[in-house]
Amino acid sequence: MTITEKQVEAGQAVYSKSTLAIYDWLVLRFSNRLIWTCPSKRILALYDRHVTGNHLDVGVGTGYFLDRCRFPSDRPRLGLMDLNLSCLDAAATRVARYRPEIYRANVLDPIGLEIPRFDSISMTYLLHCLPGTIKTKGAVFQHLKPLLNQGGVMFGATLLSEGVDRGWAAKKLMAFYNSKGIFTNDQDDLQGLRSMLSEHLTEVTVEVVGCAALFSGRV
């Protein structure tokens, strides 16, 4: 399956400064709780469980979870990686107290940057915005693993269309987002996610909460 630049752009272009201004309310408070039925506190708990003092966040959104999670040290090394400059700016401003390192990259391609390795990498609500199948999205893990120290953890959350409980509103909203290219997850399924993660990581765990799959694994 060939991924076009237009498809990659569609998955992240919606996150403009104006959209990011309402993102926390619209997605993390309203949609997570009432549409996807995965309260943001469940994702925050995932961060608290796995985040280290040497951490890279990929697909940064507004920096909501980085702003609220409990780092094991007062001065963590924190990296932010995204293709969208508006997201990088918003997240960097929000967590400026940590003096984050900023990296602009398309994680569907090999990361052509010289970056010291991290002990943890998170990707929250990234996979369902990427074009391709759940199997081809495994390229993200292949490209990010060289940035992770041996024994390090990757974790995150993604919205699925199959193998999870979706209410009427979730089905309608996902169909709309897929029609606009904002999501590409109309065939993303739970078993496919488990298989893909197991190809790239060890000690894989997947917890389903509503339409979301919260996952982790190690290298």
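**A walk through the fold, from charges to strands**

Let's start with charge: the protein carries 25 positive and 21 negative side chains, and the centres of the two sets lie 5 Å apart. Here Lys and Arg count as positive and Asp and Glu as negative, with His and the chain ends not counted; each charge is placed at NZ of Lys, CZ of Arg, CG of Asp or CD of Glu.

Keep in mind that this is a predicted model, where local features need pLDDT of at least 70 and side-chain atom pairs count only at pLDDT 80 or more, while totals for chains, interfaces and linings use all residues. Residues are numbered from 1 along each chain as its sequence is written, and side-chain values use heavy atoms, leaving out hydrogens and water.

Now the overall build. The protein has eight helices and seven strands (DSSP runs numbered from the N terminus: helices are H or I with at least four residues, strands are E with at least two). A compact globule of 219 residues would have a radius of gyration near 17 Å, and the protein agrees with its 16 Å (taken over C-alpha atoms; the rule is 2.2 Å times the number of residues to the power 0.38). Of the 219 residues, 54% are buried (under 20% relative accessible area; exposed is over 50%, partly exposed in between, with a 1.4 Å probe and protein chains only). As for contacts with a separation of 6 or more, 69% are between residues 24 or more positions apart, a contact being heavy atoms within 4.5 Å.

Next, look at strand 1 (residues 54–58). Five of its five residues are buried, so the strand is largely enclosed by the rest of the structure. In a regular strand the side chains alternate between the two faces of the sheet. Both faces are covered here, with Asn54, Leu56 and Val58 on one side and His55 and Asp57 on the other.

What does strand 1 pair with? One partner is strand 2 (residues 77–82), parallel over five bridges; strand 4 also runs parallel to strand 1, joined by three bridges. Pairing takes at least two DSSP bridges between the strands. Leucine 56 stands opposite glycine 79 in strand 2 and opposite isoleucine 121 in strand 4.

Strand 5 (residues 148–159) is mostly covered, with nine of its twelve residues buried.

Finally, find arginine 29 in helix 2 (residues 17–35). At 45% relative accessibility, arginine 29 counts as partly exposed. Leaving aside residues up to four places away in sequence, arginine 29 touches Asp24 and Arg68.
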